[in-house]
Amino acid sequence: MKKIVLILGLLVSSLGYSQQEIKLDVADALVIRSLEFSYENYISVENSFGVSALFNLAKQDIDFRYNENTMITPYFRHYFTADAQWNFFGEGFVGINSGKTETVKDSGVYDLKYTDAALGVAIGTKYSSEGGLIIDIYGGLGRNLFGTDSPILVPRLGVNVGWRF
């Protein structure tokens, strides 16, 4: 019973600040034909957690594309300039990604499917208007940890436009 009360108390306190955002990465949609949606929930004025979901729509044989076909990225952000219109932040993330890589063996070229998890960091800035419009720009890098067939590095780049409610 104590565990249930503790979990319920943590859930209520984390949602008590109740600022939430929904965002779309417009740079990915326009430049590399992929969709990335994000949800962010503020724990306090300086801290938030969120999750992003990336779906790559570009064909595998295109030169300029993400290696990942899908990627789910839970993240934690700390804002260094709280209560300002432009906020600078640092982010830690875990990127659970899957896709295909090409490998050359004796008898030809093969596509190998992979699923891996990456740990990484990113930095960025966020504009927040009083009406609720959000624009954030960030960049970072993660490293895949488990697979031998997956790419070593995973990028985390974006220009998000969204709404705070």
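**Overall build**

The model is predicted. The chain has 165 residues, and buried residues make up 37% of them. It holds 2 helices and 8 strands. Read from the N terminus, the elements follow the order α-β-α-β-β-β-β-β-β-β. The accessible surface comes to about 9,700 Å². Carbon and sulfur atoms own 67% of that surface. Among contacts with a separation of 6 or more, 53% join residues 24 or more positions apart.

**The barrel**

The strands form a closed barrel of 8 strands, in the order S1-S2-S3-S4-S5-S6-S7-S8, and the pairing is antiparallel. On average, neighbouring strands of this sheet are turned by 25° against each other, with direction ignored. Strands of a sheet pair through backbone hydrogen bonds, and the pairing can be parallel or antiparallel.

Look at one pair of strands. S5 covers residues 86-105 and S6 covers residues 108-128; they pair in the antiparallel sense over 20 bridges. Tryptophan 86 has tyrosine 127 of S6 as its bridge partner.

**Salt bridges**

Side chains of opposite charge can pair when their charged atoms come close. The structure holds 11 salt bridges. Three of them are listed here.

| Pair | N to O distance |
|---|---|
| Arginine 164 and glutamate 21 | 2.7 Å |
| Lysine 23 and aspartate 136 | 3.1 Å |
| Glutamate 36 and arginine 156 | 3.2 Å |

Glutamate 21 counts as buried because its relative accessibility is 0%, and the cut-off for buried is under 20%.

Lysine 23 and aspartate 136 meet in a salt bridge too. This pair links lysine 23 in strand S1 with aspartate 136 in strand S7, 113 residues apart. Both lysine 23 and aspartate 136 are buried.

Glutamate 36 and arginine 156 also meet in a salt bridge. Glutamate 36 is in strand S2 and arginine 156 in strand S8, 120 residues apart. Glutamate 36 is buried at 5% relative accessibility. Arginine 156 is buried at 3%. Salt bridges with shared partners join Glu21, Lys23, Glu36, Glu40, Arg77, Glu91, Lys126, Asp136, Arg156 and Arg164 into one network.

Isoleucine 72 lies in strand S4, residues 68-79. Threonine 73 is found in strand S4 as well. Is threonine 73 buried or exposed? Threonine 73 is buried, with a relative accessible area of 2%. Leaving aside neighbours within four places in sequence, threonine 73 is in contact with Gly50, Val51, Ser52, Phe93, Val94, Gly95 and Arg156.

Isoleucine 72 is partly exposed, with a relative accessible area of 37%.

**A loop residue**

Where is isoleucine 152? Isoleucine 152 lies in the loop between strand S7 and strand S8. Isoleucine 152 counts as exposed because its relative accessible area is 54%, and the cut-off for exposed is over 50%. Neighbours within four places in sequence aside, isoleucine 152 is in contact with Gly142, Arg143 and Asn144. The C-alpha atoms of isoleucine 152 and aspartate 116 are separated by 10.0 Å, and the two residues are 36 residues apart along the chain.

Methods
Residues are numbered from 1 along each chain as its sequence is written. This is a predicted model: local features need pLDDT of at least 70, side-chain atom pairs count only at pLDDT 80 or more; totals for chains, interfaces and linings use all residues. Side-chain values use heavy atoms; hydrogens and water are left out. Helices (H or I, at least four residues) and strands (E, at least two) are DSSP runs, numbered from the N terminus. Buried means under 20% relative accessible area, exposed over 50%, partly exposed in between (1.4 Å probe, protein chains only). Contact means heavy atoms within 4.5 Å. Two strands pair if DSSP finds at least two bridges between them. Axes are lines fitted to C-alpha atoms, for helices over the stretch in contact, and angles run from 0 to 180 degrees between N-to-C directions. Accessible areas come from the Shrake-Rupley method with a 1.4 Å probe; for residues, only the protein chains shown count as cover. A salt bridge is a side-chain nitrogen of Lys or Arg within 4 Å of a carboxyl oxygen of Asp or Glu.
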